[in-house]
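Welcome! Let's get to know this structure together through a few questions and answers.

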Amino acid sequence: MLEKPLNRYVPIVHYIGVVMIGLGFIQMVPLITALLYREWSIFFIFLLTASFAILIGGLAALICNPPKNVRLSWGEGMLVSAASWVIGMLICALPYYLSGSYLSYLDACFDVMSGLTTTGLVLIQDIDHLSNGINMWRHLLTFVGGQGMVVLALSFLVKGTSGAYKMYVGEGKDERLAPNVINTARHIWKISLIYLVIGTSSIGVANLLAGMSVDRAFLHGIWIFMSAWSTGGFAPMSQNILYYHSLLVEVVSMVFFVIGSFNFALHFAVISGKRRELYKNIETMSFSVTVTILTVLTTVGLMKAGVYTDTMALFRKGFYQLLSGHTTTGFMTIYARQFYHEWGDLALFAIIIAMLIGGSACSTAGGFKGLRMGIIFHAFKKDIRKLGQPESMISMQKMHHIKDIEIDDNITRSAMLIVIAYILTFVIATLNGMLGGFSFLESAFESASVTGNVGLTIGVTSPAMPAFLKITYIISMWIARLEFVSILALGAYLMARARGKWQKI
Amino acid sequence: VKTKWMTGMAGIVAEILYALLYVLAGLAIAFFFVIVRR
């Protein structure tokens, strides 16, 4: 079946079309928001762009309708994921650009990629006076991106399971919560929607107590929750979380972004009754260790620098930024330039490391991930223990992640390769930052933020930064979010096409 | 179905309490260093 080269396009275009239909349908949410708040120009923009996405996606899916028994190869599944994110970015940037809130289409694309990858860096103009429709779109993009665009399409628009798992893996997730990948995707959405209700109510009440009107408190509640749960970092006001001046909002947001940075397999295990998994799991153990070490470093650094000398200031400014960076959220309770002018080298070093390590695998978070840190730590432990043992002795190292898993060389190798790929991306983005005229510290900080899909900023990201740096950051966010493999598959495919050959990747 | 629902809610409460532990740990570390410095 499907031996002719041209036929291989059919399932790829079909599935990308399905993802586009999904992106068209989710535009109904900001469209209804705009309708409720009588923002007519925004309403018509979403009507136009949603129809466009559904029409283009529908045509692609219908014209390229593959036969029922067609199976996607691994390369093709990953290619669908990688390409969907790029085409999705171009389509989702349309309402942004048409709203007039951006200086260029590139800036709009930057913000879409920042939202979908749950990074949270922004180039939007006059954020404090945005319409509710556009604000809903910004936060919805983060929410959908956190769960995964392809996961969304798999959950609601795909009937068969053929090739679905390959697309799911291509989006940087590889845990199965159920034997069937479509049920896995649905479980991910179910967990997120349950938390959406709890989180929106909690943050809404915190906003009410801070003195906001009822509809504004809950509207901000839903937006802040979407950002926190997706470890995104967008907020409806330019001062980010600092705007609320509320300890309660800060604590509640911390709770939800910490939970958001956990593995979906962990959520599923805990919700299914395996509550001990919370402190037995290698990822939560790794997270506890790194958070503790880096909090101590940040606190010592801030005290040495002479800023935030009392407990509450250290907690609300120092620890908040550190935890926000470590979970790759990007919420801020300080101004960007305070990092540069006040924090000092040690605290900045700690936060850069935190941003690079990131949250858990198969979560909404970015970075190396706690799972890989745990695997590498255990592999080191195993090698060091081996030195003191007879050569003939075989030593085994296990870790606990939902079940006991033996750490073999293959697991260690793949963990190391991904970490090396992250470091390379970080180095290249840092170099480009310096080429763009920023200092090493500024470039390294912002580069760690884009590579880890974090969103904390030291002040580099602005509409005035060079276009090549914006493109570098877009690419860094994209490849880091998809965890490299699907991007390599896309690269291999494009190279094969350039050579005029079609190979089944 | 009721048991499943209760188990799920207990799991969510456990996750929220566990996340709160991190928040309290951060506060404790900040408090500790301020006291040590004084």
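Q: What percentage of the 38 residues in chain B is made up of buried residues?
A: A few words on conventions come first: this is a predicted model, where local features need pLDDT of at least 70, side-chain atom pairs count only at pLDDT 80 or more, and totals for chains, interfaces and linings use all residues. Residues are numbered from 1 along each chain as its sequence is written, chains are lettered from A and ligands numbered from 1 in the order in which they are written, and side-chain values use heavy atoms, with hydrogens and water left out. Buried means under 20% relative accessible area, exposed over 50% and partly exposed in between (1.4 Å probe, protein chains only). In chain B, the buried share is 37%.

Q: How many helices and strands are there in chain B?
A: Helices (H or I, at least four residues) and strands (E, at least two) are DSSP runs, numbered from the N terminus. The C-alpha atoms of chain B fill a box of roughly 55 × 10 × 5 Å along the principal axes. Chain B has zero strands and one helix.

Q: What area do chain B and chain A bury between them?
A: Buried area is the accessible area (1.4 Å probe) that two parts lose on being put together, summed over both. Carbon and sulfur atoms hold 79% of it here, and the total is about 2,500 Å².

Q: Which residues in chain B lose the most area to chain A?
A: Three residues together account for 27% of what the chain B side buries. They are E15(B), Y18(B) and Y22(B).

Q: Is S447(A) buried or exposed?
A: S447(A) sits in helix 20 (residues 440-451) of chain A. Leaving aside neighbours within four places in sequence, S447(A) is in contact with F426(A), A429(A) and T430(A). Because its relative accessible area is 0%, S447(A) is buried.

Q: Which residue has its backbone oxygen 2.4 Å from a polar atom of the side chain of S51(A)?
A: S51(A) belongs to helix 3 (residues 40-63) of chain A. With a relative accessibility of 41%, S51(A) counts as partly exposed. The backbone oxygen in question is that of L47(A).

Methods
Contact means heavy atoms within 4.5 Å. A polar contact is a pair of N or O atoms within 3.5 Å; within protein, one must be able to donate a hydrogen and the other to accept it, and residues adjacent in sequence count only if both atoms are side-chain atoms.
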